[in-house]
Amino acid sequence: MTTLKITVAAKAPAFKKDTAFLLGVKEQSKNLQLTKSSVDSTALAKHDLEQLGASANFESITKVAAPNGAVFALIGVGAEKLDEDKARNLGGAAARSLRGFAEAVLDLGALSKTSALALIEGFQLGFYEYNGKKSKASIKPAKLSKITLVTDAKITAKELSEIAVLATAVHTTRDLVNTPPNDMYPASMVKAVQSGVKGLGLKVQVWDEKALAKEGFGGILAVGMGSSRPPRLVKIEYKPKGATKHLALVGKGITFDTGGLSLKPAESMVGMKYDMTGAATAFQSVVAISKLGLPIHVTAWLCLAENMPSSTAQRPDDVIRIRNGKTVEVLNTDAEGRLVLADGLSAAVETKPDLIIDIATLTGAATIALGNRYAGLMGAAKAVRVVEAAAEKAGELVWHMPLPAELRALLNSEVADIANVKIGNRAGGMLVGGHFLREFVPVEIDWAHLDIAGPADNSAAAYGYTPKGGTGVILRTLVSVAQHLSGNK
Ligand code: BES
Ligand code: MN
Ligand code: ZN
């Protein structure tokens with residue numbers, strides 16, 4: 001991972017070669033103007049910014065020559081005030097555009113301290129590229145290594161290192177999610193966990209297929225049994241001394257979702273490597289929470305399986321038994337996420353946490369309902385409020401969806417305690433998924449479900465700090481939940 005050295009200064013440094021100076025462009029009485037800054041912009045003063053191609057449109061960037069071989073990067077800051085969310089996205093857009101400079105100086109004028117921090121956070125989040133298996137010749141590595149933020153705000157080294165912890169966790173989540181499925185399967189994800197927790201004092205426990213069978217994890221086993229690459233359950237635990245609250249994160253970790261015997265059509269199968277995003281996010285959330293040293297007990301449960309069709313795969317009509325003893329009639333093997341999560345939720349429930357949050361690319365219906373930027377949020381009223389507030393703090397988008405009582409009856413089964421789908425039903429697919437999961441968490445335990453099928457990956461163009469491909473969305477919300485529960489912010 002490329003790391004950026006961040007410096008904070010009250011005045012902009014001198015112009016020099018290979019350095020970009022990021023300045024804001026706004027519209028004032030139909031004219032374009034630079035936002036206030038300490039950068040000497042006399043070279044621009046004689047020009048009509050519009051003639052240079054600059055625009056006040058949010059995130060648009062125009063580069064023009066500056067003295068001494070430096071470059072002005074003129075970024076549209078939009079019409080309204082630069083709040084935290086906008087600053088974060090501007091930072092990300094700048095990072096994506098300035099990769100080729102050795103240094104960047106960011107001077108968007110008088111920002112509040114929180115907006116200044118958000119600008120840096122966005123820059124770090126946006127400074128990401130996944131090169132995967134491209135051959136060396138086709139990779140253009142970023143040259144950028146140093147950022148100077150010009151601000152009067154007092155920003156501490158601790159604040160900067162906290163931002164770096166979050167950005168690293170988000171980048172690692174994206175890397176895991178972007179990894180092609182021939183390299184990413186349950187056992188390789190376990191390896192990634194084992195190497196990713198080194199030196200952090202986290203406890204990792206792994207159930208292989210034998211242990212899963214012995215201990216009654218019938219959901220993870222049923223989904224994984226069609227693959228030659230067997231399933232796993234992973235528990236990652238962070239338990240600092242003196243922690244009073246316990247947060248459990250349960251992540252859907254389908255390393256590839258073909259649909260199983262209820263096979264997906266070819267076009268819908270593309271992208272199903274993203275189906276382990278929930279698990280990757282839960283994993284990296286505990287890593288970040290432990291690096292931040294938050295005084296809270298956190299466990300992450302990664303429910304890992306590859307959903308494949310084969311002669312050993314589960315069949316539609318099978319009845320399986322989940323860890324908590326409930327039986328499920330599997331009517332569609334493509335509704336596999338809820339089966340592995342049922343086991344993960346049951347295991348989490350046994351440890352009696354104060355709050356359980358599951359994170360899953362659970363339904364295509366979530367995308368139909370909410371598009372590609374909002375995560376669907378369901379669950380108990382109190383938990384929903386906590387997650388909503390945390391998302392708001394993190395600047396991430398969640399939308400509270402109901403669990404309408406009448407939809408529960410769709411899952412009634414003649415032969416088992418519950419069915420995993422209602423064949424032919426198209427009403428409220430995301431909510432039916434939520435109803436199913438709810439059956440595995442007793443009412444005494446606070447629980448929220450995040451369906452991140454929409455925002456987990458970005459198949460459109462990059463925007464703000466969000467790249468193409470895996471986005472790492474919701475990780476910062478989960479860390480923010482941990483901060484809230486631990487009484488730390
Ligand atoms: N992993 C998919 C959900 C998904 C679909 C995520 C598209 C991202 C984009 C999930 O396992 C699935 O296949 N869900 C089914 C549920 C249905 C069978 C009730 C779906 O959405 O079609
Ligand atoms: Mn599926
Ligand atoms: Zn799936």
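A helix axis is a line fitted to C-alpha atoms over the stretch in contact, and the angle between two axes runs from 0 to 180 degrees between N-to-C directions. The model shown in these views is predicted.

**View 1. Helices H4 and H15 cross at roughly 135 degrees.** Helix H4 covers residues 157–178, and helix H15 covers residues 475–485. Their axes come within 10 Å. The crossing of H4 and H15 is right-handed.

**View 2. Residues of H4 meet residues of H15.** H4 contributes Leu-166, Ala-169, Val-170 and Thr-173. H15 contributes Leu-475, Arg-476 and Val-479. The contact of H4 with H15 divides into 5 nonpolar residues, 1 polar and 1 charged.

**View 3. Protein donors surround the zinc ion (ligand 3).** They are Lys-252 (NZ), Asp-257 (OD), Asp-275 (OD) and Glu-336 (OE). These donors lie 2.0 to 2.4 Å from the zinc ion. Along the chain their spacing is K-x4-D-x17-D-x60-E. The 6 donor atoms around the zinc ion subtend angles of 79 to 172 degrees, so the arrangement is octahedral. For six octahedral donors, the ideal angles are 90 or 180 degrees.

**View 4. Asp-257 coordinates both the zinc ion (ligand 3) and the manganese ion (ligand 2).** The two ions are 3.1 Å apart. Asp-257 lies in strand S10 (residues 246–257). Glu-336 lies in the loop between strand S13 (327–329) and helix H10 (337–350). The pair therefore ties together parts that are 79 residues apart in sequence.

Technical notes:
Residues are numbered from 1 along each chain as its sequence is written. Chains are lettered from A and ligands numbered from 1 in the order in which they are written. This is a predicted model: local features need pLDDT of at least 70, side-chain atom pairs count only at pLDDT 80 or more; totals for chains, interfaces and linings use all residues. Side-chain values use heavy atoms; hydrogens and water are left out. Helices (H or I, at least four residues) and strands (E, at least two) are DSSP runs, numbered from the N terminus. A crossing is left-handed if the near helix is turned anticlockwise from the far one by less than a right angle, and right-handed if clockwise. Contact means heavy atoms within 4.5 Å. Ala, Val, Leu, Ile, Met, Phe, Trp, Tyr, Cys and Pro count as nonpolar, Asp, Glu, Lys and Arg as charged, and the others, Gly among them, as polar. Donors are N, O and S atoms within 2.8 Å of the metal (3.2 Å for Na, K and Ca); water is not among the atoms, so sites may look incomplete. Four donors count as tetrahedral if all angles lie between 85 and 135 degrees; four count as square planar and six as octahedral if opposite donors are over 155 degrees apart and all others between 65 and 115; anything else is irregular.
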